[in-house]
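Please read the sequence below alongside the structure, and keep both in view while the paragraphs that follow move from one part to the next.

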Amino acid sequence: MEDSRGFIWFGTADGVARFDGHQFRVFRPDPAAPDSLANGAVLGIQEDAKGNLWMATEGGLDLWLRGTERFVHFKHDPANPASLGDNTTQSILLDDDGTLWIGTRNGGLDHFDPATGKFGHFPTDPRGITGPTDAWIRCLYRDRHGVLWLGTGNGGLDRFDRDTRQFRVYRNVRDDPRSLSDNRVSAIVEDRAGDLWVGTDGGLCRLDAQRGDFERYPIGPNRSDALPSRTVTALVVDSEGMIGIGTDRGGFSRYDPATRQFTHQRHSKYAGNSLMWDAVRAFFEDRGGDLWIGHFPAGISHFDGLAA
């Protein structure tokens with residue numbers, strides 16, 4: 001993510017890296033420094049109104065204070081029901097009112113009020129009415145109407161209305177091609193038309209805002225009308241309205257809603273300006289319109305859309 005000062009931050013499996021345009025500085029856990037990063041695996045970063053950064057890690061929720069560059073830790077305490085529900089935090093989203101939403105690996109959905117310093121919890125509900133359908137919340141997204149969407153580990157796509165505090169679940173239905181392609185949801189993004197794109201372990205689909213059902217996109221190598229890989233890991237809508245799609249072992253694809261065609265970028269050992277790896281894990285677009293692509297097991301690719 002790019003913060004309000006223009007620094008670019010990358011969550012990695014070995015700390016959080018800050019890029020100033022010239023060089024990186026990496027913050028890592030230090031057993032001798034209790035106010036260092038709690039855990040090296042950083043899975044999400046959000047900036048609050050004060051310029052501080054919230055970080056989802058596999059060892060709890062951390063708050064990086066800009067003024068001191070020190071970390072404050074929030075962890076699960078079994079004796080305190082108002083503490084974090086699970087230390088393995090997977091995703092975070094900061095709301096307009098300052099509320100922080102936290103998706104965890106085993107504890108479902110939490111919300112944190114910075115004014116009170118207390119966490120609230122939504123217990124799982126297999127029906128998807130009063131809580132998320134799965135305890136594993138892989139990703140969080142807020143649409144233009146303020147609706148919160150949750151991608152779960154194996155429970156489908158959950159829609160949460162913050163006003164009514166009610167959930168609605170979208171799941172894969174066998175033999176129904178207009179249902180969600182797979183119940184393992186890893187990425188969510190809204191396009192300019194207000195439709196929701198959903199990346200799953202079983203392919204890419206689009207939730208039509210008017211009809212309320214899904215369109216699935218074909219899978220196949222070397223095709224302009226299909227994705228090269230079934231496992232979609234990251235999504236972004238860029239400044240041109242294109243849908244950027246990251247896949248596992250299939251590289252990076254862009255989809256043009258006007259032409260309904262894909263273009264693909266893959267790693268090549270013969271091209272120094274190709275993708276670093278074909279396994280993509282994260283995206284973000286900076287203020288200049290360039291796309292930054294995070295890879296597994298390591299590395300970053302910088303994609304200049306104008307030069308593509």
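Is phenylalanine 167 buried or exposed? Phenylalanine 167 is buried, with a relative accessible area of 6%, where buried means under 20% relative accessible area, exposed means over 50%, and partly exposed lies in between (1.4 Å probe, protein chains only). This is a predicted model, in which local features need pLDDT of at least 70 and side-chain atom pairs count only at pLDDT 80 or more, while totals for chains, interfaces and linings use all residues. Residues are numbered from 1 along each chain as its sequence is written, and side-chain values use heavy atoms, with hydrogens and water left out.

A search of the whole structure finds 29 aromatic pairs, a pair being two rings of Phe, Tyr or Trp (for Trp, its six-membered ring) whose centres lie within 6.5 Å, with planes under 30 degrees apart counted as stacked, over 60 as edge-to-face and the rest as tilted. One of them joins phenylalanine 122 and phenylalanine 167, whose ring centres are 5.7 Å apart and whose planes stand at 70°, so the pair is edge-to-face. Because phenylalanine 122 lies in strand β11 (residues 118-122) and phenylalanine 167 in strand β15 (residues 166-170), the pair ties together parts that are 45 residues apart in sequence; helices (H or I, at least four residues) and strands (E, at least two) are DSSP runs, numbered from the N terminus. Phenylalanine 122 is also buried, with a relative accessible area of 9%. The rings of phenylalanine 252 and phenylalanine 283 likewise form an edge-to-face pair, since their centres are 5.4 Å apart and their planes are at 65°. Phenylalanine 252 belongs to strand β22 (residues 252-256) and phenylalanine 283 to strand β24 (residues 280-285), so this pair ties together parts that are 31 residues apart in sequence, and both of these residues are buried. Elsewhere, ring pairs link Phe10, Phe19, Phe24, Phe284 and Trp292 into a cluster.

The charged end of arginine 105 sits over its ring, 3.6 Å from the centre, and arginine 138 lies over the face of tryptophan 136 at 5.3 Å from the ring centre; a charge sits over a ring if NZ of Lys or CZ of Arg is within 6 Å of the ring centre and within 35 degrees of the ring normal.

Strand β17 (residues 196-200) pairs with β18 in the antiparallel sense over five bridges, two strands being paired if DSSP finds at least two bridges between them. Within that pairing valine 198 stands opposite cysteine 205, and a hairpin joins β17 to β18 through two residues. β18 also pairs with β19, antiparallel and over three bridges, with arginine 206 standing opposite glutamate 215. The hairpin of β18 and β19 has six residues between the strands, and glycine 212 in its turn has a positive phi of about 80°.

Aspartate 213 is found in the loop between β18 (203-207) and β19 (214-216). Its side chain makes a polar contact of 3.4 Å with that of arginine 178, a polar contact being a pair of N or O atoms within 3.5 Å in which, within protein, one must be able to donate a hydrogen and the other to accept it, while residues adjacent in sequence count only if both atoms are side-chain atoms. Apart from neighbours within four places in sequence, aspartate 213 is in contact (heavy atoms within 4.5 Å) with Arg178, Arg206, Leu207 and Asp208.

Strand β6 (residues 60-65) is mostly covered, with five of its six residues buried. A hairpin through two residues joins β5 to β6, and five bridges join β6 to strand β7 (residues 70-74) in an antiparallel arrangement, where tryptophan 64 stands opposite phenylalanine 71.
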